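Biologist: I'm new to this one. Could you take me closely through the part where the two chains meet?

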Amino acid sequence: MLEIKNLHAEINGKEILKGINLTVKEGETHAIMGPNGSGKSTLSSVLVGDPKFKVTQGTITYNGKNLLELEPEDRSREGIFLSFQYPVEIPGVSMVNFMRAAVNAHREYNGEQPVSATDFLRLTRQKRKLLELDGKLASRSVNEGFSGGEKKRNEIFQMAMLEPKLAILDETDSGLDIDALRIVANGVNKLKTPQNAAIVITHYQRLLDYIKPDIVHVLYNGQIVKTDGPELAQLLEKNGYDWIKSEFK
Amino acid sequence: MEEEKNNIIQEVTGNEYKYGFETKIDTFTFAKGLSENTVRLISEKKKEPSWLLDFRLKAFRTWEKMEMPNWAHLHIPEIDYQDIIYYAEPKQQIAEGSQDIDPELEKTFDKLGIPLNERGALAGGMAVDAVMDSVSVRTTFKDTLASKGIIFCSFSEAVQHHPDLIRKHMGSIVSYKDNYFAALNSAVFSDGSFVYIPKGTRCPMELSTYFRINAANTGQFERTLIVAEDDSYVSYLEGCTAPQRSENQLHAAIVEISLAERAEVKYSTVQNWYPGDKNGKGGIYNFVTKRALCAGEGSKISWTQVETGSAITWKYPSCILKGDNSVGEFYSVAVTNNYQQADTGTKMIHIGKNTSSTIVSKGISAGHSENSYRGLVKVAPNASGVRNHSQCDSLLLSTTCGAHTFPYNDIRNETAIVEHEATTSKISEDQLFYCQQRGISVEEAIGLIVNGYAREVTKKLPMEFAVEAQRLLAVSLEGSVG
């Protein structure tokens with residue numbers, strides 16, 4: 001599904017990613033862990049085409065397409081979803097309008113008619129339950145005045161609405177209490193199918209207790225320095241990142 | 001990236017003005033030019049009583065001695081008042097006295113989305129007075145409304161059938177001496193709407209006037225008068241469009257609203273006069289005096305305006321809060337793009353005790369446009385317990401536009417609580433990217449964000465208008481980020 005080769009990327013002339021190689025197949029869940037500043041969020045930003053970052057070298061192939069040539073909105077319409085670490089507030093724009101614009105943009109891209117109001121509301125209600133969000137959500141402005149936990153649940157709600165092929169969860173666990181974490185993780189798990197894939201970026205093992213990864217990578221200083229099964233996450237939890245830092249200095 | 005964005009701005013702001021078509025209809029017009037004789041001819045054409053002609057002539061003589069105001073933050077090219085036609089009347093191809101409407105006119109208003117046929121009206125009903133150039137061509141639901149004692153008709157008709165009401169109220173709120181354009185309007189006004197809501201009556205449907213300029217080289221000078229008696233309520237809407245032409249056209253209107261005790265009037269405007277092309281050629285010059293007098297205790301006037309059109313907008317819907325406990329509200333979104341200029345705002349004149357006012361102004365500027373908020377909050381010495389809250393926000397969508405705020409406070413009573421907040425912002429890259437990541441294109445994202453920004457105002461509009469306003473905001477601006 002996704003193949004990243006020798007990816008280099010920079011922000012304001014400073015190189016952050018220094019040759020990433022990563023392959024994600026259908027049905028897989030990958031965890032990317034690593035200490036602060038290692039480039040985890042940069043990787044997710046580059047995958048979704050955030051214009052703040054510049055790719056200087058390497059290739060990303062997604063379902064046979066050159067991902068780097070696609071506009072951010074087309075990457076979304078092709079099924080790549082990012083759950084933002086810091087979801088953005090858009091005052092005055094209701095969630096329902098925002099989501100309808102998004103869902104219809106996806107539908108138009110796939111040559112489908114816009115969703116009818118009734119179908120849309122039904123879909124919203126159904127997906128909302130998954131995240132234990134109440135009906136007031138629809139009329140509230142996008143992320144405005146949401147608590148940290150609500151913002152993250154709202155991200156996964158949007159993911160549920162858009163049913164992506166590749167979901168990238170960027171530090172979705174940060175700022176969540178244990179109940180919210182359970183709800184979010186539960187939502188993500190329910191959305192998992194053998195046809196889609198997920199990349200879970202996290203600093204801690206905690207989230208991985210709920211979302212079980214197939215493969216765990218350690219990102220350090222802009223490179224993936226270790227790849228292994230779920231036991232790697234436990235090792236990191238126990239020993240911290242210092243042993244990695246010393247090993248790869 | 002920057003260049004790409006500019007391209008999007010260009011592309012989107014180059015959008016065709018949807019209402020720029022012209023109706024081919026035989027039109028009777030006066031010769032160009034303005035003199036005492038023009039004024040007499042208009043009055044004669046309308047078979048007006050002599051007191052009204054006298055009113056016009058006094059106004060004309062006053063206007064002749066006045067100078068064009070130049071205090072606004074506007075660059076107004078010299079207007080040749082002798083090069084304008086002051087009266088244009090579409091000739092309807094129907095039998096004299098018939099209730100029918102010329103099919104060509106009906107088609108025109110259909111195209112504008114204005115049903116002139118009562119059967120075609122929206123559920124819930126909206127009564128329409130349709131004004132083309134200098135005359136009202138149709139007023140719907142007159143009979144339904146009359147059964148409740150409500151008068152809704154063209155101004156000319158009101159002069160004939162309700163002369164006492166017109167004589168009592170016309171010019172009582174906006175005097176013909178008030179300002180240059182008010183004097184001009186008072187001399188040459190041609191048509192408009194008259195609304196009378198009797199005591200204790202709640203108007204059962206929205207009333208609206210749709211102003212259409214069609215004839216070339218013609219100015220439109222309409223007057224609207226709304227009289228709301230004790231304990232009455234009405235929601236009134238005003239819409240405007242004009243054909244796309246390379247010459248400028250003048251529109252100078254007066255709106256007067258009189259509110260008795262506990263009367264409530266909501267006046268909503270979606271102003272979409274032709275704004276000129278992307279190089280600033282053509283477009284309507286819109287010089288309007290709108291004022292409401294809350295004469296009665298506990299009365300309430302609410303102005304909501306969405307201004308997207310006109311090459312130049314000069315307009316300050318105002319509230320004179322004379323009755324104790326009366327309330328004035330002003331909610332405004334003014335959008336300027338390309339080379340449009342707007343100087344708009346309000347005046348809240350607190351005379352009665354415990355009067356309160358709210359001002360919410362959202363300026364959205366793009367291209368090379370200039371957008372100013374100008375507002376006065378005045379509290380008279382005897383007006384104790386006054387409250388005002390003003391909020392003036394500017395959203396800038398390019399680096400070449402200008403946004404200005406000119407708030408004036410004149411507070412003569414120390415018990416007044418007057419608050420003013422102002423913000424200036426841009427659409428953030430983060431907001432745009434967030435939308436894009438959800439599959440929403442940049443253009444659509446800007447439409448969404450701008451509508452969100454203006455929502456505090458547009459949500460005050462009646463449903464049918466709100467939808468139109470949202471579409472207009474998106475069309476006139478989507479994609480404009482600098």
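Modeller: Happy to: at that meeting place, 18 residues of chain B are in contact with 22 residues of chain A, where contact means that the C-beta atoms, placed from the backbone, lie within 7 Å. On the chain B side, α9 (429-437) and α10 (442-458) each supply at least two of the touching residues. Helices here are DSSP runs of H or I with at least four residues, strands are runs of E with at least two, and both are numbered from the N terminus. The top contributor is α10(B), with seven residues. By type, the chain B side splits into seven nonpolar, six polar and five charged residues; Ala, Val, Leu, Ile, Met, Phe, Trp, Tyr, Cys and Pro count as nonpolar, Asp, Glu, Lys and Arg as charged, and the others, Gly among them, as polar.

Keep in mind that this is a predicted model, where local features need pLDDT of at least 70, side-chain atom pairs count only at pLDDT 80 or more, and totals for chains, interfaces and linings use all residues. Residues are numbered from 1 along each chain as its sequence is written, while chains are lettered from A and ligands numbered from 1 in the order in which they are written.

Chain B has a mean pLDDT of 87, with 92% of its residues at 70 or more; pLDDT is the predictor's confidence in each residue, from 0 to 100.

Methods: Contact = placed C-beta atoms within 7 Å.
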